[in-house]
Amino acid sequence: MRTTVRILSVILALLMGFALCAHAEEAPLSIGIIQLVQHPALDASCQGFLDALRDSGYVDGENIAVDFQNGQGDQSNLATIADRFVSKKVDLVLAIATPAALAIAGKTTDIPILATAITDFVEARLVESNDAPGTNVSGTTDMAPIGDQIALIQTLAPNAKKVGVLYNAGEVNSVVQVQAAKACIEALGFEFVEKTVTNSNEVQQAAESIVRQVDCLYLPTDNVIASAMPILYGVTVESKTPVICGEENQVLGGGLATLGINYYNLGYQTGLMAVRLLKDPTLDISAMPVERQLEFDYRINATVAAEIGIVIPEDLLAFTFEME
């Protein structure tokens with residue numbers, strides 16, 4: 001009788017073990033992705049992040065479960081998405097752009113949050129410092145080499161005297177960049193002119209106004225402006241206004257040139273940070289420094305240059321492309 005009981009106990013233990021293993025296989029690590037809005041730079045960041053996970057052995061549908069949600073530029077949507085991730089108790093969140101990061105960071109202090117496409121984590125009050133975040137947030141900054149970008153005006157539009165900046169004054173990232181851009185523009189002897197918008201519906205009127213006041217336009221990595229590049233392209237080509245951009249996808253959308261961030265690489269870099277967290281659950285995100293890119297890419301739109309009468313210097317021809 002005792003032997004029978006022991007055998008039954010062993011069988012029961014084995015069955016419970018198998019059940020636990022099966023349950024573990026059914027519950028992969030969950031990753032929530034909250035993205036502010038769809039446009040090429042943010043989409044590229046997301047793809048880079050997912051590719052870094054895949055290249056490190058973390059594949060959606062196998063050992064991780066990715067829940068991608070797009071806020072469509074609406075703050076209430078972002079809040080709903082953040083609530084969703086908190087209620088699901090996801091293991092990790094990727095937040096793409098500052099409003100998305102603020103939405104999820106305001107809902108949880110426990111879930112690790114990696115953010116990307118954010119210019120200044122400190123100014124956005126997501127971290128205490130870039131070297132030692134001190135919160136459940138870290139990630140990668142898209143701060144561009146603004147001084148070098150402004151210097152492109154001297155190279156591509158040497159006769160320019162007035163430089164305009166168009167941006168969304170409600171976006172913290174943009175305000176930080178414009179402050180830096182203003183200092184660089186004035187240091188190079190240009191007159192600074194600014195025009196602000198609050199949403200994409202205001203971009204055309206603002207653009208038509210500012211191109212009448214300036215010789216060249218500078219665009220920071222602003223989400224509203226980036227999503228309205230087709231509108232800006234139409235206005236600035238007609239006025240023959242050179243547009244120096246904060247990032248590559250703005251140039252692909254009709255700007256003239258940039259020396260800027262590669263958002264796919266930035267997302268990939270963020271993905272590698274996620275891999276470190278997933279592999280080592282004891283790793284403290286509050287001690288993970290915010291990272292930045294150290295290499296930047298020239299991109300020059302030869303189609304736009306021809307349309308507005310800009311001659312591209314020979315040493316920059318290797319960085320040109322034709323619009324489709």
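In this predicted model, where local features need pLDDT of at least 70, side-chain atom pairs count only at pLDDT 80 or more and totals for chains, interfaces and linings use all residues, Leu53 is in contact (heavy atoms within 4.5 Å) with Ile31, Tyr58, Ile64, Gly271, Ala274, Val275 and Leu278, leaving aside residues up to four places away in sequence. Residues are numbered from 1 along each chain as its sequence is written, and side-chain values use heavy atoms, without hydrogens and water.

Ile34 and Leu53 have the most contacts inside the largest nonpolar core, which has 50 residues. Such a core is a set of buried Ala, Val, Leu, Ile, Met, Phe, Trp, Tyr and Cys residues joined through side-chain atoms within 4.5 Å, where buried means under 20% relative accessible area and exposed over 50%, with partly exposed in between (1.4 Å probe, protein chains only).

| Element | Residues |
|---|---|
| strand E4 | 113–118 |
| helix H2 | 40–55 |
| helix H11 | 263–279 |

H11 gives the most to this core, with seven residues.

Helix H3 also contributes to this core, and within H3 the residues Leu78, Ile81, Ala82 and Phe85 are buried. They lie on the same side of H3 because they cover an arc of only 100 degrees around the axis, taken from the directions from the helix axis to the C-beta atoms. Thr80 and Ser87, by contrast, are exposed on the face turned away from the buried side of H3.

How values were computed
Helices (H or I, at least four residues) and strands (E, at least two) are DSSP runs, numbered from the N terminus.
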